[in-house]
Amino acid sequence: MTKLKTNNVSKGNMARYIGIAAIVAILLSLPAWGGKYAVMMVMLMGIYIALGQMWNLLAGYSGLISLGQQMYIGVGAFTVAVTSNYLGLPLPLGLVCGGLVSMAIAIGLSYLLLRMKGMYFAIATWMFAEAMVLVFVSIQFLGKGQGLFITAARKLQAADVYYYSIAILIISTVVVVVLLRSKIGLGLFAIRDNDTAAETSGVPQFRSKLYCMMVSSFITGVIGGVYYMSQVWIQPYAAFSISWTVAAVFIVVIGGIGTITGPIIGGVIYVFLSQYLSTLSQIGSLSQVILGVIAVAVILLAPKGIVGTVQNRFGFEIISVRRWMGKYTDRLPEPTEA
Amino acid sequence: MDGMIQAIIQGLLLGGLYAAVGLGMSMIFGIVKITNLAHGDFLVLACYISLLFMGVFHSSPLTTLIVVVPIMFFIGFGVQRTMLNKVIGRGDEPPLLITFGISIIIQNLLLYFFTANAQKLASPLLLKSFSAGTVSIPVLYLISCIIGVAIILALGVFMKGTYLGKAIRATSDDTEAATLMGVNIKSTFGVAMGISMVTAGVAGVLIGSLFNFYPSSGSTYLIVAFAVVVIGGIGSIYGTLWAGIIFGLAQVVGGFVFGAAFQQLVGYAVLLIMLIVRPQGLFSK
Amino acid sequence: MSDLLRVENVDVFYGDFQAVQQASFAVPDKEIVSIIGTNGAGKTTLMRAIGGVLPAKNGRIYFEDVDITGWPTHKIVDLGISQVPEGRKLFGRMSVKDNLIMGSYTPRARKNAKGELEKVYELFPILKEKSTQSAGSLSGGQQQMVAIGRALMSEPKLICFDEISLGLAPTVIKDIYAKVRELNNGGITIIIVEQDVKRSLKACVEAFVMLKGKVVLSGKTCELTEDEVSKAYFGM
């Protein structure tokens, strides 16, 4: 393990960090020199990459296939509208509130959801999301199905929302990396590789998965807030639409499930593809069909997605989450004889 | 009071149909050990296929079963053989995601070709009913319930009495041992999925005659099917029947008590309570 | 005397792990042979390769001089190789009768299923008594009878008994071996996989000892000494 920390590697790391810094610099300065269209595209990429990272945190690392991410999007968006319209809170604070409300819902549901596996978890999350929209469209001050305007968001410039989006992109990616490199992440890998062995070796399954659900719901809630700040008007059936989860699944499956770079690459592809498809007239809902066909084909033919397939062939990782694991291996309990 | 009795009767009859909605999903979950997230969408697909052939034949919905049943069988067999069989043994996630993808594909294809407008399979029986005492029994509900129960019984006989049915049960008990008996597992899975789709197709045609449907109705019936699987316990054919009745009763009676708008929410609540109290199902051994 | 089954230089893998290396042996027609070895020696893997459940990576397997390497299991069963698998692997939730009937699943066997079922009931009368009970509710010995009966239902020429005595009481084992001999006298060729050296040497005509995936010793039982076999068995 010590060999990993030779000069070569730290030089490689240096180059890596410089590269990342350069990308961040380009992203931050884009509104100053980029066109309107470029700013909008990158803003959408930020949102969708973050969405993918959060779904991947559950599906790729914790083995939890959530089909209810749209629940957090909708809740986050409506919280921003309510806090700013009715309570007069500033938008950034509203975003945090949106994240917190989403997280509170996730914590409440987790005691039920985390006892389920596989299909039960998947369908139950879907069911909760469907139930949630039924509740939301029946409440008067949430617009009763007509939706709500985020009044304060009308004054926002495109660049403002852009920076929120870049912030959420960076935060979501960093949080996933940090989380997975922590002891929780180690536990998750153990769970993913072998459920019962991880439990008997003292890795607290429930807590690790709960943390992931909390992080995922919080950030997805914020994503919902940011996206609907750019739209100004929240239409409940769109905010709670399963197509949010469809997008997340597509992004992660195409990019590579269980990798950090997968959602990034998948998110970029998704935004380009869906923008391109939306320019084709007469295509309508066929664009979703095309996304679905591509995703199914990738699962069948290249189950590890673009990043996983490239990694397999060339044997390198752009951002590894297992790198720091050496640090923790000495804390693992002694393996017992079977 | 009469209204309540009416609701109970309607709930019971709807329950028989709900059992047929969930039957195929329960069977696939028990045998192939995968969750078909597109089960509801296949059911809705059958509604639209029936709609098409009603136009072609100028016939009633039930008559179109002659074509709907074989078409659904081949769709199920084909999906299993070309896609799902390829990911067996690769864990829970790939089949879940593939069927999710199929669900999205079906839903949006229907949306493209048939628009989002409400559709209904116009049946001459829809408004007919006969009265028993103070309550009236809608004929179409009764027929749906009878057909739903008949499918369940027929499947039960098929599974117990034929080589193929036995092979399907044997496969779900112990896949490798079934292989050793000379069962071709992949083809058996294909047949099982075909049968599952036939049950979904028949249920779909009945549902489509009773209620409006849209391209997006699939998730509603997926949740009905899921409820039937959860309440009935996995792979228990007759448990499915009771589960359908419980769920149908809960929805209709709940809707009667709290108002029609809450019919679906009451269903979700029942399912939720089941998941908390007895996730392995009421009728599992 | 010709060989019914010939296994030549077969390699079998579980993923990356090679469980059987270059295994070769032959089973003479209408004989009993036994394959002996410790846990993890590759015996079960070899049986699964013969049955077509696992693919043989290299080498060839011949049955009645037909090359069956890579054939799907259902064709191999139809040809006349039947298995009594390790741990019996009954269909626990199905009735005893349905378990037996599943044994006659192949097209060839279906025609005579009724007659074969009567023969099995004759061999093991207790199974007729318990025919409607679920197989999972039977005792270990009775379950082994169901597994044997099920294998017979396909009218096999060769039966592979994997870990035939594992988990059974000594008196039951004795009965089972007696039945195996009876079957052999009726003309069925038999492979017995055993961990118990003594018992298998007594029962068979020819023995093969496996160690770490390889066949390390083979010969006629009368020519092998127990000491020799034990040494090969433990790799000393």
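A crossing of two helices is called left-handed if the near helix is turned anticlockwise from the far one by less than a right angle, and right-handed if it is turned clockwise. The model discussed here is predicted.

By that convention, H3(A) passes H11(A) in a right-handed crossing. The two elements are helix H3 (residues 69-85) and helix H11 (residues 243-255) of chain A, whose axes come within 7 Å and cross at roughly 125 degrees. H3(A) is therefore oblique to H11(A), because angles of 65 to 115 degrees count as roughly perpendicular and those over 145 as roughly antiparallel. On the H3(A) side the contact is made by A:Gln69, A:Gln70 and A:Ile73, and on the H11(A) side by A:Trp244, A:Thr245 and A:Ala248. These residues divide into three nonpolar, three polar and no charged.

Another helix of chain A, H9 (residues 205-231), has 27 residues, which at 1.5 Å a residue should span 39 Å; the C-alpha atoms at its ends are 39 Å apart, so expectation and model agree. Of the 27 residues of H9(A), 20 are buried, and the helix is mostly covered. The residue that follows H9(A) is A:Val232, with a positive phi near 70 degrees.

The contacts between chains come next. Two pairs of chains are in contact, and chains A and B share the most contacts. Chain A and chain C are joined by no contact, and their closest C-alpha atoms lie 15 Å apart.

Between chains A and B, 30 residues of chain B are in contact with 30 residues of chain A. On the chain B side, the elements that give two or more residues are helix H4 (93-114), helix H9 (218-232) and helix H11 (263-277). H4(B) gives the most, with 14 residues. By class, this side of chain B has 21 nonpolar, five polar and four charged residues.

Towards chain C, 15 residues of chain B are in contact with 22 residues of chain C. Here helix H6 (163-173) and helix H7 (175-180) of chain B are the elements that give two or more residues. The largest share, six residues, comes from H6(B). By class, the side of chain B that touches chain C has seven nonpolar, three polar and five charged residues.

In chain C, which residues does C:Asn99 touch, not counting residues up to four places away in sequence? They are C:Leu90, C:Phe91, C:Met94, C:Ala135, C:Val146 and C:Arg150. C:Asn99 is found in helix H3 (residues 96-103) of chain C. With 30 other C-beta atoms within 10 Å, C:Asn99 is buried, because a residue counts as buried at 20 or more. The C-alpha atoms of C:Asn99 and C:Ala151 are separated by 10.0 Å, although the two residues are 52 residues apart along the chain.

Most residues other than glycine have a negative phi.

Conventions
Residues numbered from 1 in each chain as written. Chains lettered and ligands numbered in written order. Predicted model: local features only at pLDDT ≥ 70, side-chain atom pairs only at ≥ 80, totals over all residues. Contact = placed C-beta atoms within 7 Å. Helix = DSSP H or I, 4+ residues; strand = E, 2+ residues; numbered from the N terminus. Nonpolar A, V, L, I, M, F, W, Y, C, P; charged D, E, K, R; others polar. Expected span 1.5 Å × (residues − 1). Buried ≥ 20, exposed ≤ 12 C-beta atoms within 10 Å, placed from the backbone. Axes fitted to C-alpha atoms, helices over the stretch in contact; angles between N-to-C directions. Parallel < 35°, antiparallel > 145°, perpendicular 65-115°, else oblique.
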